[in-house]
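Colleague: I am new to this structure and would be grateful for a guided reading of it. May I put some questions to you once it is displayed?

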2 protein chains.
Amino acid sequence: MERETIRLDDVVAILERTPASLRTLLDGLPEIWVRATEGHNTWSPYDVVGHLIHGERTDWIPRARHILTGEAGAFKPFDRTAQFSDSRGKSLSELLSTFADLRRDNVGVLVGMKLTGKDLVRRGLHPELGEVTLGELLATWVVHDLDHIAQVARTMAKVYAKSTGPWSAYLSILQDRQR
Amino acid sequence: MERETIRLDDVVAILERTPASLRTLLDGLPEIWVRATEGHNTWSPYDVVGHLIHGERTDWIPRARHILTGEAGAFKPFDRTAQFSDSRGKSLSELLSTFADLRRDNVGVLVGMKLTGKDLVRRGLHPELGEVTLGELLATWVVHDLDHIAQVARTMAKVYAKSTGPWSAYLSILQDRQR
């Protein structure tokens, strides 16, 4: 049997605090920060929170269940732009609350699954990537959270890219993901 | 006169919440997350907090004062590795509290300076970069915070780089700053 290297406690430790991390980073900030993007076809912090909400509803737990019930078909594809319609008219605070509620419920479901090492190597079929394991899904959930937290910080940093003057040479984040 | 584009309220909005953002992201997490690095000569989240403390003590406000008092000499160079001796023996919680105390005081000092648009274009001499303005210093302080928040999230994400299996192809943060 393959060895699974992730520990469920480490997974939950990150997943359960992401809503608070995003709230602390973003709630109540001036619009210049929360509506900034990195340019055409990139997302603002506001957009990111909507994307995370959609993941809570349609991606992580539904896919974990798909694997555990042994469904043979591929996962439903994930809609990466659903937030542009779903978030319409909602305030950032409202989105942060919705995300926190959904995440709390989903972490509860995850813990309630009482997954074993054997469960973590069970397989499902990703519509593009092929065979994946439940452990890989959970590790991806964690990395996906952290990726978007980093994106939020990077996007806000770039608002002041020019304002830093000569210091921009030392601020490597200003060069990350520049096209 | 040059136009200065930063607004002090926007600067303070980020600076005053960084300690809470880092505490929410990090405090109480398992060591696997807070002691991770991105490889040789890179910093863990724990190291980053020590670095931010050193900046509060020796960099931002001292340099702002240097500019406002019109000192002709260059700023003192900043020690980018001071945290490796200064943080020794201290817990992460302790460092987070120290950082929060110093930052609260420094934001108070900054607000108390009641800076005008004219102040923001006053100049100082950076030991390597040459002439810089007070506005550029403040913008750099903000971007520097956000850079390190992104670094903390990126460093933790990489702990699970291999655990995500085929999904790593979609998680672009795993490729950022890889050497």
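Colleague: Is the crossing of α4(A) and α7(A) left-handed or right-handed?

Modeller: Please bear in mind that this is a predicted model. The two helices in question are α4, residues 45–58 of chain A, and α7, residues 92–112 of chain A. Their crossing is left-handed.

Colleague: Are α4(A) and α7(A) roughly parallel or roughly antiparallel to each other?

Modeller: In general, two packed helices are described by the angle between their axes and the distance between the axes. For α4(A) and α7(A), the axes come within 9 Å and cross at roughly 30 degrees. Angles under 35 degrees count as roughly parallel. The two helices are therefore roughly parallel.

Colleague: How many nonpolar residues does the contact of α4(A) with α7(A) hold?

Modeller: On the α4(A) side, the contact includes Y46(A), V49(A), L52(A) and I53(A), and on the α7(A) side it includes L92(A), L95(A), F99(A) and L102(A). The contact has 3 charged and 3 polar residues, and its nonpolar residues number 9.

Colleague: How are α1(A) and α7(A) oriented to each other, roughly parallel or roughly antiparallel?

Modeller: Helix α1 of chain A spans residues 8–15, and its axis comes within 11 Å of that of α7(A). The axes cross at roughly 170 degrees. Angles over 145 degrees count as roughly antiparallel. The pair is therefore roughly antiparallel.

Colleague: How many charged residues are in the contact of α1(A) with α7(A)?

Modeller: From α1(A) come V11(A), V12(A) and L15(A), and from α7(A) come R103(A), V107(A), L110(A) and V111(A). Of these, 6 are nonpolar and none is polar. The number of charged residues is 1.

Colleague: What pattern of helices and strands does chain A follow?

Modeller: Chain A contains 9 helices and 2 strands. Its C-alpha atoms fill a box of roughly 55 × 35 × 30 Å along the principal axes. Along the sequence, the pattern is α-α-α-α-α-α-α-α-β-β-α.

Colleague: What share of the 179 residues in chain A is buried?

Modeller: A residue counts as buried when its relative accessible area is under 20%. Among contacts in chain A with a separation of 6 or more, 73% join residues 24 or more positions apart. The buried share of chain A is 55%.

Colleague: Which C-alpha of chain A is nearest the axis that relates chain A to chain B?

Modeller: A rotation of 180 degrees with 0.0 Å of shift along its axis superposes chain A on chain B, with an RMSD of 0.0 Å. That is the relation of a two-fold axis. The nearest C-alpha in chain A lies 2.0 Å from the axis and belongs to A150(A).

Colleague: Which residues of α5(B) are buried?

Modeller: Helix α5 of chain B covers residues 60–68, and G70(B), with a positive phi near 70 degrees, follows it. The cover over its buried residues includes α4, α7, β1, β2 and α9 of chain B. The buried residues are W60(B), I61(B), R63(B), A64(B), H66(B) and I67(B).

Colleague: What is the relative accessible area of S93(B)?

Modeller: S93(B) lies in helix α7 of chain B. Leaving aside neighbours within four places in sequence, S93(B) is in contact with R23(B) and D27(B). S93(B) is partly exposed, with a relative accessible area of 34%.

Notes
Residues numbered from 1 in each chain as written. Chains lettered and ligands numbered in written order. Predicted model: local features only at pLDDT ≥ 70, side-chain atom pairs only at ≥ 80, totals over all residues. Heavy atoms only, no water. Least-squares fit on C-alpha atoms with pLDDT ≥ 70 in both. Axes fitted to C-alpha atoms, helices over the stretch in contact; angles between N-to-C directions. Helix = DSSP H or I, 4+ residues; strand = E, 2+ residues; numbered from the N terminus. Parallel < 35°, antiparallel > 145°, perpendicular 65-115°, else oblique. Left-handed = near helix turned anticlockwise from the far one by under 90°. Contact = heavy atoms within 4.5 Å. Nonpolar A, V, L, I, M, F, W, Y, C, P; charged D, E, K, R; others polar. Buried < 20%, exposed > 50% of the residue type's maximum accessible area, 1.4 Å probe, protein only.
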